[in-house]
Amino acid sequence: MVKPRGALLVLDVGKDSFGELALRLVRLGVDAVLAAGVEEAELMARQERIQMCAMLLPASASGELVDRALESVGSHTEVGPEAIAVVGPRPDEGALEALRQRGVGWRLWEPLEDRDLLFMAGALMWPGSDADLRLDVRIPTALPALVSQGRVSRSVLVGDLSPSGARVETDAPFAEGSEVELEIALPGGRVVTVGGVVRWAVEDDSDRARGPGFGVEFGDPSPEILVALADHIASERERFLL
């Protein structure tokens, strides 16, 4: 992964408690900074030592607040409407339409899961285009699965997924370089089976955001399985689009 081009500004406008959200993001390893209001955000944006590349606003943000934030912060940074996400309880459709008209395209509604926050931050802060996030964009999931190696099988959770691989969450990861078979339960009752190679493994909590687990690079899934994976990934991505 390429290093993000700047920090993620978390803009707290008073009635929304974004202080805890900013702290949570920092604990997850995100370079996030908190501003208490638009005026403070502008002062921070004017400081060369704080380079900002994206911004989180409360889901209750009005179109006027977006305009003020873009004028105050965007004029001193590279932050544009495409690098803004709204986070929190889902507002009504009228408020959503006002945000869309201003070019805001990302959102995350409560309840907020760590894996979703990390994906959102990565999508906003990535220096390339959205399509360049990875060779295949990985989407956060929480899919039950069964991973097998020979006669050993374990119930696990697929924490993120792409057509070419997955992150498997388990306290007992298989060894790096070993071959495994993964049976993933997709929504609707469908189960897809793919083989692959373990490319990395984490056995402790050194990954603060996700905990122990391992990454699987898929071998050569059938066209039918690739379509099923792609359909699920596209459906999950809709959760983040305004």
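A contact, as the word is used here, means that heavy atoms of two residues lie within 4.5 Å. The structure is a predicted model, in which local features need pLDDT of at least 70 and side-chain atom pairs count only at pLDDT 80 or more, while totals for chains, interfaces and linings use all residues. Residues are numbered from 1 along each chain as its sequence is written, and side-chain values use heavy atoms, with hydrogens and water left out.

In soluble globular proteins, nonpolar side chains tend to be buried together.

The chain as a whole has 6 helices and 11 strands, these being DSSP runs numbered from the N terminus (helices H or I, at least four residues; strands E, at least two). Of its 242 residues, 48% are buried, and among contacts between residues at least 6 apart in sequence, 61% join residues at least 24 apart.

A search of the whole structure finds 2 aromatic pairs, where rings of Phe, Tyr and Trp (its six-membered ring) pair if their centres lie within 6.5 Å, and planes under 30 degrees apart count as stacked, over 60 as edge-to-face and the rest as tilted. The rings of F119 and F240 have centres 4.7 Å apart and planes at 55°, so this pair is tilted. Because F119 lies in helix 5 and F240 in the segment after helix 6 (223-237), the pair ties together parts that are 121 residues apart in sequence. Both F119 and F240 are buried.

For F174 and F214, the ring centres are 6.0 Å apart and the planes stand at 75°, so the pair is edge-to-face. F174 lies in the loop between strand 8 (165-169) and strand 9 (179-185), and F214 in strand 11 (residues 213-218), so parts 40 residues apart in sequence are tied together. F174 is buried at a relative accessible area of 5%, and F214 is buried at 0%. The charged end of R154 sits over the ring of F174, 4.2 Å from its centre; the criterion is that NZ of Lys or CZ of Arg is within 6 Å of the ring centre and within 35 degrees of the ring normal.

A cis peptide bond, with omega about 5°, joins E110 and P111, and P111 is found in the loop between strand 5 (106-109) and helix 5.

As for confidence, pLDDT is the predictor's confidence in each residue, from 0 to 100; the chain has a mean of 88, and 90% of its residues reach 70 or more. Over residues 129-135 the pLDDT is below 50, and this stretch has 10 contacts in the model beyond near neighbours in sequence. Where pLDDT is low, the predicted coordinates should not be read in detail.

Key. Buried < 20%, exposed > 50% of the residue type's maximum accessible area, 1.4 Å probe, protein only.
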